[in-house]
Amino acid sequence: MREALIVWGGWPGHEPEQCAAIVAGMLRDEGFQVHLENSTRAFASPQLSTMSLIVPIFTMSKIEKDEVSNLSLAVREGTGLAGFHGGMGDAFREAVEYQFMCGGQWVAHPGNIIDYRVTVTRPDDPVMQDVGDFDYRSEQYYMHVDPSNEVLATTTFSGEHAPWIDGVVMPVVWKRRHGQGRVFYSSLGHVAKEFDVPQMRTILRRGMVWAARE
């Protein structure tokens, strides 16, 4: 049986404990044995490299050098990494090694909670199969992203809340490699209630399964 580790914590506004419980249920439904931890010390465990998948849900906060080094090594050697919104994309702001692995870092969400549209750019990818373009209400993440990411969906900024970024097309969903490991990210999912949106839930579930080592 494949094993997944969810490490949750950090800024409480993203409801990390509630989201971790939802993600754990999704992974169990996919046949994973799930372990939950609420300390970054879990990233330093020698057992990390035996996991099929690691899901960080840990907005902001700090990660120690031995923790991020061990996490990066586990992924480079084949453990999958997958996550969403600030729990993965705005975690450990000082840890550039972590950002290099994830393929991006949050820097702004102009207008805060707004209505925006998600455009599927790779409808042929199994993660996005039968998921058409859709409207979404949440924080529209503006991110600094790695050009090597394989982008599956984007959003376009209107400029209403920051005129200088009018028309900017920003990745929303991507996958990439870090060494031998598969990495998946979706910027959707500000709070637990957003898992009620079928497209958000489907994209994350498929992305996690794709990232996990067989």
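Me: In this predicted model, what makes A4, I6, F32, V34, L53, V55 and M208 contacts of L27?
Reply: Contact means heavy atoms within 4.5 Å. Leaving aside neighbours within four places in sequence, L27 touches A4, I6, F32, V34, L53, V55 and M208 on that criterion.

Me: Which core does L27 belong to, and which residues have the most contacts inside it?
Reply: L27 is in the largest nonpolar core, which has 40 residues. The residues with the most contacts inside it are I6, V23, L27, L53, I57, F184 and M208. A second, separate core holds 32 residues, including L81, A91, I165 and Y185.

Me: Why is H85 called buried?
Reply: Buried means under 20% relative accessible area. H85 has 1% relative accessibility, so H85 counts as buried. H85 is found in helix α3 (residues 85-89).

Me: What is the phi of E15, and what is that of H85?
Reply: E15 has a positive phi of about 50 degrees, although E15 is not a glycine. Phi of H85 is near 45 degrees, also positive in a residue other than glycine. Most residues other than glycine have a negative phi.

Me: Which residues line the largest cavity?
Reply: The lining is H14, I57, T59, F84, H85, G86, G87, G189 and H190. Helix α3 gives the most, with three residues. The cavity has a volume of about 40 Å³.

Me: How do the lining residues divide into nonpolar, polar and charged?
Reply: Two are nonpolar, seven are polar and none is charged. Gly counts as polar.

Technical notes
Residues are numbered from 1 along each chain as its sequence is written. This is a predicted model: local features need pLDDT of at least 70, side-chain atom pairs count only at pLDDT 80 or more; totals for chains, interfaces and linings use all residues. Side-chain values use heavy atoms; hydrogens and water are left out. Helices (H or I, at least four residues) and strands (E, at least two) are DSSP runs, numbered from the N terminus. Buried means under 20% relative accessible area, exposed over 50%, partly exposed in between (1.4 Å probe, protein chains only). A nonpolar core is a set of buried Ala, Val, Leu, Ile, Met, Phe, Trp, Tyr and Cys residues joined through side-chain atoms within 4.5 Å. On a 1 Å grid over the protein atoms alone, a cavity is a set of points where a 1.4 Å probe fits but cannot get out, and a pocket is an open set with protein on both sides within 12 Å along at least five of seven lines; lining residues have an atom within 4 Å of a point. Grid points are joined across faces, edges and corners, and a volume is the space filled by probe spheres set on the points.
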